[in-house]
Amino acid sequence: MRLRLPERRSLRTRLLLFIGGILVVVCAAMALTTVLAQRAYLMGNLDQRVTDAAERSQGGLQRRTGDDTDLDFLNERGQAVGTLAARFDTDTDADTDADGDGTGQVIAAQVVTDDGTQQTLTTAQRAALDGIATDGSLHTRTIPSLGTYRVTAIAGDGVPVLTGLPMDDVQDMIGGLVLIEAVAGGLGLAAAGVVCAVVIRRQLRPLGRVAATAVEVSRVPLGRGAVTGLTRVRERDTYPGSEAGQVGAALNRMIDHVESSLAERQRSEERMRRFLADASHELRTPLASIAGYAELMNRGTQRIEPTLAWRRVSAESARMTGLVEDLLLLARLDEGRPLQSSEVDLAALVAEAVWDARAAGGGHDWQLALLLDTPALVLGDEARLHQVVANLLANARVHTPAGTTVVASVEATEAHCVIRVRDDGPGIPRHLLPAVFERFTRGDVSRSRNAPADGGSGLGLAIVAAIAAAHGGRIDVRSEPGRTEFTLTLPPSHVLLEAPSATPPATPPAVPATGAPRPDVPRGAPAPDPR
């Protein structure tokens, strides 16, 4: 049965009790082993002395001519104080020795006293010696008023005689040994307990500091507001070579994760609030314009020409529709909905997009460069990829002055296909670069834009990044005054076709597009020169 310590006790107490229990068991086992070994040695020595005394007594009787009660051999030299001798009735018959084991009735017994004389045993004392066989075996008998004796009886070739020696010396020595071991063991256990308590306390002190840090962190309100500067476990308590240090290091890592997660949650909440505010304003602006023109129309045609009013209402409706479609597209891409999949020729697609950009921004110098080691074919949604290139070109047109040179290039190798859109405009402000692909990121922080030249809603580059990720690619930007370059990297079609897990479904649900490619440029045909 296993010993289970109560879990409600502290680790320090349980360790101390466990170690103390083990020490008690070990000390008790050692003491018991020592006592038993010492007793066996002393009893063997005593038994040998008893046997020698019996043989010596029998030899003394053979030299004497006294009667059956003669015990004068006890007066001989060499008899120790307390030596006991007894004579048996030599005429023992079958009725007296009913067992037939060679035992006889003790008829005379004496003991050597402290002053060297012999003292005759009483009838009650002699009765304690009855039943001892004369076969030389050793027995322990307690004799009234004399104590415990180790006795033996031998017959041999001479007269049967019983001899015994007191066990007081052996018992006293064993008792003294037990007392010494008990005192020494108690003192040793007490000292070991104190040392163990001090060592355990010192060794668990780092764990206590780690627990105190955890308690302090648990009291910090993490459910609201910005959470920064959480308490960490000190470096000395994070040494990986000890269990407490491992716990401290793990707690620090967990606190780092918690703090970074809370910071990310705070940033996400701030982005969400800003997103909702921007989206609300972007939708409110065209709605307010529509409501304003409708109010003017209700007041009469003298205030505004109906054709102009309806034209402005249509423009604001288209603007609001485009914003809603962009938000819906981002939401669907965030959900991971599959796009339509077919083989797309990026060279023809980019050439078409450059033609469209040239028609929309005649004040810019539009150029196309094709650097093809292999056909620029990718698997993807053609409409979405066209939207990516159109957004990048529109971004260059809107945010650069007239006369800016915009170069769209396509590179194709066995490993990847790359589309680059580069311009020599003023560049993107450095503080906007980290967030340029986030939603509603604009060069002007205000929300008042009355003309297309004032910039878009801030969703164009966010849509570019989302569509690139949905196609297994990535979008990067490098910008400095005089050179801004967006790089779209996509895996070629043969790479996706060779991966079984990457094979798209035959007819996946389509994501609505805000625009369609020009039908007059056949896919796979050489790209026309937009210049």
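View 1. The model is predicted: local features need pLDDT of at least 70, side-chain atom pairs count only at pLDDT 80 or more, and totals for chains, interfaces and linings use all residues. Residues are numbered from 1 along each chain as its sequence is written, and side-chain values use heavy atoms, without hydrogens and water. Helices are DSSP runs (H or I, at least four residues).

**View 2. Residues of α3 meet residues of α4.** From α3 come P206, L207, V210, T213, A214 and V217. They meet A244, V247, G248, L251 and I255 of α4. This contact (heavy atoms within 4.5 Å) holds 9 nonpolar residues, 2 polar and no charged.

**View 3. The largest nonpolar core has 48 residues.** Such a core joins buried residues (under 20% relative accessible area, 1.4 Å probe, protein chains only) through side-chain atoms within 4.5 Å. L346, V350, L392 and L393 have the most contacts inside it. Helix α6 (residues 346–360) gives the most, 7 residues. Beyond four places in sequence, L393 is in contact with A353, V354, A357, W366, V406, A408 and V421.

**View 4. A80 lies in a loop between α1 (11–62) and β1 (84–88).** Its C-alpha atom is 8.4 Å from that of L165, 85 residues apart along the chain.

Conventions. Helix = DSSP H or I, 4+ residues; strand = E, 2+ residues; numbered from the N terminus. Buried < 20%, exposed > 50% of the residue type's maximum accessible area, 1.4 Å probe, protein only. Nonpolar A, V, L, I, M, F, W, Y, C, P; charged D, E, K, R; others polar.
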